[in-house]
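Colleague: I am new to this model and would like to learn how to read it, one feature at a time. Could you take me through it, giving the general idea before each case?

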Amino acid sequence: MTSITIPQRQHWMRILALTPPERLAEALAPALSAHPGHHWLRRPETGLVMLRGRAGGTGAQFNLGEASVTRASVSLAGQIGHAWVRGSNARHAELAALADALLQCPAHHADLMAGVIAPLEAELVERRATVSRAAAASKVEFFTMVRGE
Amino acid sequence: MYVAVKGGETAILNSYELLAADRRGDQDTPELTLAQIKGQMRLALARVMQEGSLYDEDLAALALKQASGDVTEAVFLLRAFRTTLPRLGYSLPLDTAAMRVRRRVSGTFKDVPGGQVLGPTPDYTQRLLDFGLTGSDSAPSPTLAEQPLPERLPCVLDVLGSEGLIEPERPADGDPAPKDLTREPLMFPADRATRLQNLARGDEGYLLGLAYSTQRGYAESHPFAGEIRMGEVAVTVCPEELGFEIEIGEVTLTECQMINQFAGSRTAPPQFTRGYGLSFGEGERKAMAMALVDRSLRAAELGEDVHAPAQQQEFVLYHTDNVEASGFVQHLKLPHYVDFQAELSLIRTLRKQFDAQQGDEA
């Protein structure tokens with residue numbers, strides 16, 4: 001069993017953060033009910049992250065404004081799960097932290113990746129494609145009128 | 001002499017009740033839900049988040065509801081609430097070039113790479129009141145193109161950049177962290193990063209008026225909207241407990257890259273210069289006004305004459321904040337009984353002297 005790499009963990013943490021909390025609760029319900037007995041190292045805490053932009057998009061950094069962020073840390077099945085999610089939904093951070101812990105367990109990793117993360121990612125891609133296709137429909141198709149001849 | 005001013009407690013408590021009753025309005029009408037405000041008042045929400053300097057749709061919807069739709073009051077509520085939350089850190093700089101674009105237009109290049117994408121804009125409506133909306137059963141379903149837009153739309157200004165016809169936009173050596181106006185007071189002269197933070201939090205109406213003044217001749221301004229893009233941008237942080245970067249969600253942003261003519265100086269060749277605007281949500285008017293004012297505030301560094309209000313840092317930056325402005329203007333209605341008594345007695349004395357003088361001359 002090879003150990004989990006940072007890019008792997010970044011990948012699932014991203015999917016967990018980008019999934020709507022209600023959907024996440026539904027997708028994780030079977031796995032979480034099979035693994036009770038977690039211990040909160042840090043209960044969900046909402047705070048602020050200052051979002052930074054860059055002048056002209058690529059220049060000097062500047063502080064654009066803050067966003068609310070909720071974080072949580074949990075110990076479950078011998079692993080420590082962390083989560084940071086944008087917004088003030090405590091349940092979202094809890095679910096993401098619990099999932100992060102389980103996903104690090106060699107015994108559950110493959111099942112959860114295939115059974116939870118992969119479908120959630122597919123849904124995310126699908127949601128985004130629909131939004132982008134709607135935007136694409138409003139793309140201007142210029143046509144040129146030829147005068148004379 | 002001090003005069004004890006007490007009482008009014010019951011009146012104040014009863015005014016709370018009146019405020020709540022007027023907020024609720026006719027109770028035969030269903031109460032507004034936060035989901036409705038989030039879903040159907042998204043532009044008001046964006047403005048509250050931007051000027052409240054806090055991106056949180058739920059809190060902004062609550063603030064708007066509590067403020068009965070008064071945007072400036074909602075901004076005040078959000079700013080007050082944010083002081084109760086701990087600061088957990090800073091994001092990595094948002095990469096707007098990687099924005100998942102829903103709208104992208106250029107006023108300078110018709111055939112911009114990736115095309116002109118209009119998105120959900122009122123620009124091409126005729127601004128006729130739509131009486132079809134008086135009901136509550138509209139269910140539009142937008143057309144979907146066969147293919148989504150490319151994942152990354154090229155930045156329009158890169159076209160000019162590749163020819164060296166526009167000033168490059170690069171961070172200073174070491175990419176220093178910017179000053180944070182929520183932690184440090186505003187000092188002059190303010191660098192561009194500080195000015196941009198101030199403008200980003202600033203009142204849209206005020207910036208719009210200033211931007212308009214630069215177009216009407218109160219500054220050397222020959223602007224073009226090089227690119228305006230709106231869409232979703234990933235938020236990335238690097239939490240201490242992890243030690244690596246993670247994406248924690250996304251925010252909707254509107255970015256405006258304004259291009260301005262510049263005749264050149266002793267050291268710089270003639271080229272285009274930039275003004276930059278960035279705003280939470282769909283905030284196109286704000287982003288454009290911010291970009292124009294950003295450029296006008298660069299007058300001194302570009303060696304231009306500084307003579308118009310929109311070019312004067314102190315004038316502009318000290319008056320952008322609508323929470324401060326609203327507070328100072330509105331504090332006039334609070335009791336000034338003692339100050340006014342002093343003024344009144346002074347005027348009475350002067351008037352007596354004046355009347356006596358008039359009598360002497362007659």
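Modeller: Let us begin with what pairing means: two strands pair if DSSP finds at least two bridges between them. In general, strands of a sheet pair through backbone hydrogen bonds, either parallel or antiparallel. Keep in mind throughout that this is a predicted model.

Colleague: In which sense do β1(A) and β2 of chain B pair, parallel or antiparallel?

Modeller: β1(A) and strand β2 of chain B, residues 87-90, pair in the parallel sense, with three bridges between them. Within this part of the model, Leu48(A) has Arg87(B) of β2(B) standing opposite.

Colleague: Over how many bridges does β1 of chain A pair with β2 of chain A?

Modeller: Strand β1 of chain A covers residues 39-54 and strand β2 of chain A covers residues 61-76, and the two pair over 13 bridges in the antiparallel sense. To find your place along this pairing, look for Thr46(A), whose bridge partner in β2(A) is Thr70(A). Six residues lie between the strands of this hairpin, where Gly56(A) takes a positive phi near 70°.

Colleague: How many residues of chain A are in contact with chain B?

Modeller: There are 52 residues of chain A in contact with 68 residues of chain B. On the side of chain A that touches chain B, the elements giving two or more residues are α1 (6-18), β1, β2, β3 (79-86) and α4 (106-136), each of chain A. The largest share of that side, 11 residues, comes from β2(A). By class, the residues on this side of chain A are 24 nonpolar, 19 polar and nine charged.

Colleague: In what order do the four strands of the open sheet in chain B run?

Modeller: The order is β3-β4-β5-β6, all within chain B, and the pairing is antiparallel. At the edges are β3 (100-105) and β6 (271-280) of chain B, each of which pairs on one side only. From one strand to the next, the twist averages 20°. Strand β4 of chain B, residues 223-237, runs antiparallel to β3(B) and is joined to β3(B) by five bridges; here Val101(B) stands opposite Gly231(B), and the bridge partner of Val105(B) is Ile228(B). On the pairing of β4(B) with β5(B), which is antiparallel, there are 14 bridges, and Val233(B) has Val251(B) as its bridge partner in β5(B).

Colleague: How many residues of β4(B) are buried?

Modeller: Of the 15 residues of β4(B), 12 are buried, and the strand is mostly covered.

Colleague: At what angle do the axes of helices α3 and α4 of chain B cross?

Modeller: The axes of helix α3 of chain B (residues 42-52) and helix α4 of chain B (residues 57-66) cross at roughly 105° and come within 9 Å. On the α3(B) side, the residues that make the contact are Ala44(B), Leu45(B), Val48(B), Met49(B) and Gly52(B), while α4(B) contributes Glu57(B), Ala60(B), Ala61(B), Ala63(B) and Leu64(B). Sorted by class, this contact has eight nonpolar, one polar and one charged residues.

Colleague: Why does Leu102(A) count as buried?

Modeller: The reasoning rests on a cut-off, since a residue is buried if 20 or more other C-beta atoms lie within 10 Å of its own. Leu102(A) counts as buried because 25 C-beta neighbours lie inside 10 Å. This residue lies in helix α3 of chain A, residues 90-104. Apart from neighbours within four places in sequence, Leu102(A) is in contact with Ala31(A), His35(A), Leu76(A), Ala77(A), His108(A) and Leu112(A). By contrast, Arg147(A) is 45 residues apart from Leu102(A) along the chain, and their C-alpha atoms are separated by 68 Å.

Colleague: Where in chain A is the confidence lowest, and where is it highest?

Modeller: Chain A has an average pLDDT of 94, and 97% of the residues score at least 70. Confidence in chain A is lowest in helix α2 of chain A, residues 21-34, with a mean of 94, and highest in α1(A), at 98.

Technical notes
Residues numbered from 1 in each chain as written. Chains lettered and ligands numbered in written order. Predicted model: local features only at pLDDT ≥ 70, side-chain atom pairs only at ≥ 80, totals over all residues. Contact = placed C-beta atoms within 7 Å. Nonpolar A, V, L, I, M, F, W, Y, C, P; charged D, E, K, R; others polar. Axes fitted to C-alpha atoms, helices over the stretch in contact; angles between N-to-C directions. pLDDT = per-residue confidence, 0-100.
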